[in-house]
Amino acid sequence: MDWSLLWNPVLLSVVLLLVLSALRLNVVFSLILASVAGGLLAGMGVPESIQAFYRGLGGGAGIAMNYAMLGAFSIAISRSGMTELIAQKLFERIGKQVSPRQVFWFKYSLIGFLTLASISSQNLIPVHIAFIPILIPPLLPVFERLRLDRRMVACILTFGLITPYMVLPVGFGKIFINEVVLGSIRKSGMAVTASEAPGAMLIPALGMVAGLLIAVFISYRRPRDYNRAETEREVRETEPVKIDRRAVLVGVVAILIALAGQFLMDSLIVASVLGVLVFVISGVFRLSDTQDIFTRGVYLMGGIGLVMIAASGFAEVMRATGGVDAMVECVAKFAGDYRGVTVFLMLFIGLVITMGIGSSFSTVPLIAAIYVPLCMAMGLSPAATIAIVGSAGALGDAGSPVSESVLGPTAGLNADGQHDHIYDSVIPTFLHYNLPLLAAGWIAGMVL
């Protein structure tokens with residue numbers, strides 16, 4: 001075995017990032033320290049490491065702006081009373097429960113609704129994580145009435161944010177499968193067709209399904225209590241919303257117009273502005289109200305945007321170290337008679353890279369250029385190659401402290417300060433999705 005892999009700057013910087021995050025250091029601070037450490041381990045020096053970090057910051061600026069505007073639109077929708085109306089109806093429904101059996105069915109119906117809502121956010125209504133700060137905070141009192149473990153909800157939301165783009169070529173999946181995975185494979189010299197992708201990614205997707213079932217029916221099925229008074233104070237009393245049926249109707253129209261704007265102009269920023277303008281034109285809000293709406297939107301989602309900007313800087317430093325190429329070269333040494341070991345190491349490296357930069361969409365282009373020739377040299381089929389490259393990219397999207405798929409659920413579930421990002425979102429999603437996906441991706445690489 002080549003023990004130099006253990007001293008790889010990318011691997012060590014990602015480990016440092018995870019350790020600092022687990023010690024509850026702010027994720028942005030952790031990214032900066034891990035970036036400098038990775039550069040020093042690669043012999044770059046502090047000034048060169050910082051310069052590489054700065055070069056990468058621009059790559060996350062557009063994402064941050066998207067999130068700020070989505071946050072403003074989320075605040076506008078929540079002020080319309082739409083989500084309060086949903087929560088009110090659910091409370092009324094719970095109040096009518098007369099037996100544990102009925103409560104049981106209501107609980108799992110709600111779980112099914114959350115699962116479908118998160119899945120739909122990737123394809124049917126492609127708003128990504130924007131629905132979470134709209135829908136989840138008003139439902140926190142409902143979760144508490146049902147004694148629902150929020151770690152389960154985090155796993156449900158993360159499942160819906162990741163699994164659809166892995167296997168369904170629509171919405172965000174169309175971008176990931178057709179453009180990122182298949183496009184990168186074709187550029188690397190292997191002929192693949194779009195029809196091969198869904199079947200190739202089915203086994204890895206089943207690994208995600210297994211993780212979801214374990215989280216819902218085994219790990220977090222037991223009741224968990226939270227401070228109900230704190231939730232009521234933060235979610236209900238801080239900013240009480242008067243439910244106005246007309247405002248709710250305007251909210252529905254605003255969502256439809258925002259969706260149409262997103263499809264027609266392919267811009268979340270413009271779509272969010274259009275959605276807010278619907279409220280203004282209809283008279284639900286005054287023009288002056290948009291100042292506070294935007295400020296609160298930045299407060300709600302701006303933190304995620306800053307993390308994504310810092311993650312882009314971290315990714316640039318990791319590229320500059322040359323550590324990714326060194327890791328892949330190490331894997332190449334196991335090719336040939338050690339197919340099982342090679343496939344596992346390819347998946348593991350994808351896990352490490354994505355855990356660090358937080359984006360499966362960014363990981364695939366980094367690894368495909370070398371993974372695809374390696375798969376061809378081992379005689380792997382196009383289906384197996386798609387499964388390996390796609391799984392290696394998706395690995396780490398769940399469980400990364402800087403992944404949108406984990407930051408989003410935390411933004412909604414921590415509205416009252418009772419849901420820890422690392423211990424209630426990152427670690428649960430890592431254990432329930434990365435481990436099954438690693439196993440399922442390996443099986444797919446071996447049998448396809």
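**Close-up views of a predicted model**

**View 1. A look at the cysteines.** Cys 375 has a relative accessible area of 0% and is therefore buried (buried is under 20% relative accessible area, exposed over 50%, partly exposed in between; 1.4 Å probe, protein chains only). Cys 155 also counts as buried, because its relative accessibility is 0%. Searching the whole structure turns up 0 disulfides (pairs of cysteine sulfur atoms within 2.5 Å). Please keep in mind that this is a predicted model, where local features need pLDDT of at least 70, side-chain atom pairs count only at pLDDT 80 or more, and totals for chains, interfaces and linings use all residues. Residues are numbered from 1 along each chain as its sequence is written, and side-chain values use heavy atoms, without hydrogens and water.

**View 2. The largest nonpolar core.** This core has 92 residues, and Leu 114, Phe 143 and Ile 386 touch the most other members (a core joins buried Ala, Val, Leu, Ile, Met, Phe, Trp, Tyr and Cys through side-chain atoms within 4.5 Å). Helix α8 (residues 150–167) supplies the largest share of this core, 12 residues (helices are DSSP runs of H or I, at least four residues, numbered from the N terminus). Another core, of 15 residues, lies apart from it and includes Ile 75, Ala 254, Ala 271 and Phe 285.

**View 3. Around Ile 386.** Beyond its neighbours within four places in sequence, Ile 386 is in contact with residues including Val 181, Leu 182, Glu 196 and Ser 391 (contact means heavy atoms within 4.5 Å).

**View 4. Leu 213 in its helix.** Leu 213 sits in helix α10 (residues 196–219). Its relative accessibility is 43%, so Leu 213 counts as partly exposed.

Methods. Helices (H or I, at least four residues) and strands (E, at least two) are DSSP runs, numbered from the N terminus.
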